[in-house]
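Hi there,

Here is the structure I promised to hand over to you. Please open it in your viewer and keep it beside this email as you read.

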Amino acid sequence: MLQQKGALEQVNSNRENENKENKNKENRQSRAADGVPICPAAGKCGSCVYQGIPYSEQLKKKQNQVKKLLKGMCPVRPMTGMEHPVHYRNKVHAVFDRKKDGTIISGVYARGSHRVVPVEECMIEDALSDAVIRDIRGLLKSFKIKIYNEDSGYGLFRHVLIRRGFASGQMLVVLVVSSPVFPSKNNFVKALLKLHPEITSIVLNINDRKTSMVLGDREIVLYGKGFIEDTLCGRIFRISPRSFYQVNPVQTEVLYRKAIELAALTGKERVIDAYCGIGTIGLSASSHAGEVLGVELNPDAVRDAIANARRNGVKNIYFYQNDAGEFMKEMAAEGERADVVFMDPPRAGSDEAFLSSLIRLSPERVVYISCNPETLARDMKYLVRHGYRAREAWPVDMFPWTDSIEAVVLLSR
Ligand code: SAH
């Protein structure tokens, strides 16, 4: 009986702690929403440049920026913001360094430099991933693992990259090291799993180059499948360490549903999903289309895309590993046709080869998904000069507290 009472008291005190932590969290969230800068790394880390600006203001600023850039081309609909604009990032990266006194720190590079700003807890990153990173720091100390020094090239441990499936709960931890010789690798993995049984896979990535790229080319799976799976727009996707996956899955659903709605598919169309990554947009659209062709440069992403088609039983989709511009050129040269083209290029936007072949292919509709409104405006102007009309733009806030802007635009003949 006494023992039971003791256990009950323990449960109650755990609950109290949890409640207190939740209250603190809510308090921090509402202070952040009111525009109080709450992050100790604010002004140093360079990511959340909108710290100190109320969320509603941030949305207005971004909306105006899109309006300005797309002026005279098409109406810009109100930006869709997040209900809870915190801890939205499902991908967390930490760089490791050592202070002069030997203390191991982890965090982010200060903007435009290779100085590490320590981060304990970030308001936009997945909180559990941050906890894993803190615990890895502790393990590095107890396992006496040397931290890599960017100047001298000595040392082993460089970065941690964590991917989390918010829908699936799966967690992939990538340990980036300078050499495949990781002392007591198995015990390290065991100790990490003991602290965080929620981890579903651990991968060792070997990056021995003096480069600002986080991931190297070689991978050794230490535990689990070597990738995570997540559900997006009702489909299951596998995501490998080096494949692109949108970092804010809540807003990605809003964005992709809008993109598919703008495509106005009837079930007969031949669709191209250009810069398709792991096939998220094409696979989500496939049930509304006759046939989908996806093109992507990164071979890992294409492998994921093919597995994703199979996993979801989608039979009317084909993936090609190629430069998107090259692919479009070949399509146009062979007199192929397409009714709808989704294009979702990286920040640099598309190129002349892609856009000129797009004009030759002459799809009825082009749905342009962009993470950089400046290159979006540039590419839209090209398409407008060559016979397309921009119809409407829908900005979606994928990156609260940062100045990054995402939008989807419909153009048609
Ligand atoms: N549509 C996908 C990926 C968008 S990110 C999604 O929503 O998840 C942009 C993608 O373009 C990345 O996967 C990147 O690997 C790919 N990419 C970059 N340059 C490319 C090129 N020249 N040709 C084809 N794909 C390219």
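This is a predicted model: local features need pLDDT of at least 70, side-chain atom pairs count only at pLDDT 80 or more; totals for chains, interfaces and linings use all residues.

**The ligand**

There are 16 residues around the ligand, and those that come nearest are Tyr256, Glu296, Asp323, Ala324 and Asp344. Three of these are worth a look at the level of atoms. In aspartate 323, an N or O atom of the side chain is 2.7 Å from a nitrogen atom of the ligand. Aspartate 344 also uses its side chain: a polar atom there lies 2.9 Å from a nitrogen atom of the ligand. With alanine 324 it is the backbone that takes part, as one of its polar backbone atoms is 2.8 Å from a ligand nitrogen.

**Helix 8 and helix 9**

Now on to the helices. Two packed helices are described by the angle between their axes and by the distance between those axes. Helix 8 covers residues 324-333 and helix 9 covers residues 352-361; their axes come within 8 Å and cross at roughly 30°. Angles under 35 degrees count as roughly parallel, so helix 8 and helix 9 are roughly parallel to each other. The crossing is left-handed.

Ala324 turns up again here: along with Gly325, Met328, Lys329, Met331, Ala332 and Ala333, it is part of the helix 8 side of the contact. On the helix 9 side you will find Ala353, Phe354, Ser357, Leu358, Arg360 and Leu361. Sorted by class, the residues of this contact are 9 nonpolar, 2 polar and 2 charged.

**Helix 9 and helix 10**

Helix 9 also meets helix 10 (residues 373-385), with axes that come within 10 Å and cross at roughly 30°. This crossing is right-handed. From helix 9, Glu352, Leu355, Ser356, Leu358 and Ile359 meet Asp379, Tyr382 and Leu383 of helix 10. The contact residues divide into 5 nonpolar, 1 polar and 2 charged.

**Helix 3 and helix 4**

How are helix 3 and helix 4 oriented to each other? Helix 3 (residues 127-142) and helix 4 (residues 185-195) pack at an angle of about 140°, and their axes are 11 Å apart. The two helices are therefore oblique to each other, and helix 3 passes helix 4 in a right-handed crossing. Val132, Asp135, Ile136, Leu139 and Leu140 of helix 3 make the contact with Phe188, Ala191, Leu192 and Leu195 of helix 4. By class, there are 8 nonpolar residues, no polar ones and 1 charged residue.

Enjoy exploring!

Best wishes

Terms used
Residues are numbered from 1 along each chain as its sequence is written. Side-chain values use heavy atoms; hydrogens and water are left out. Axes are lines fitted to C-alpha atoms, for helices over the stretch in contact, and angles run from 0 to 180 degrees between N-to-C directions. Helices (H or I, at least four residues) and strands (E, at least two) are DSSP runs, numbered from the N terminus. Angles under 35 degrees count as roughly parallel, over 145 as roughly antiparallel, 65 to 115 as roughly perpendicular and the rest as oblique. A crossing is left-handed if the near helix is turned anticlockwise from the far one by less than a right angle, and right-handed if clockwise. Contact means heavy atoms within 4.5 Å. Ala, Val, Leu, Ile, Met, Phe, Trp, Tyr, Cys and Pro count as nonpolar, Asp, Glu, Lys and Arg as charged, and the others, Gly among them, as polar. A residue is near a molecule or strand if one of its heavy atoms lies within 4 Å of it. A polar contact is a pair of N or O atoms within 3.5 Å; within protein, one must be able to donate a hydrogen and the other to accept it, and residues adjacent in sequence count only if both atoms are side-chain atoms.
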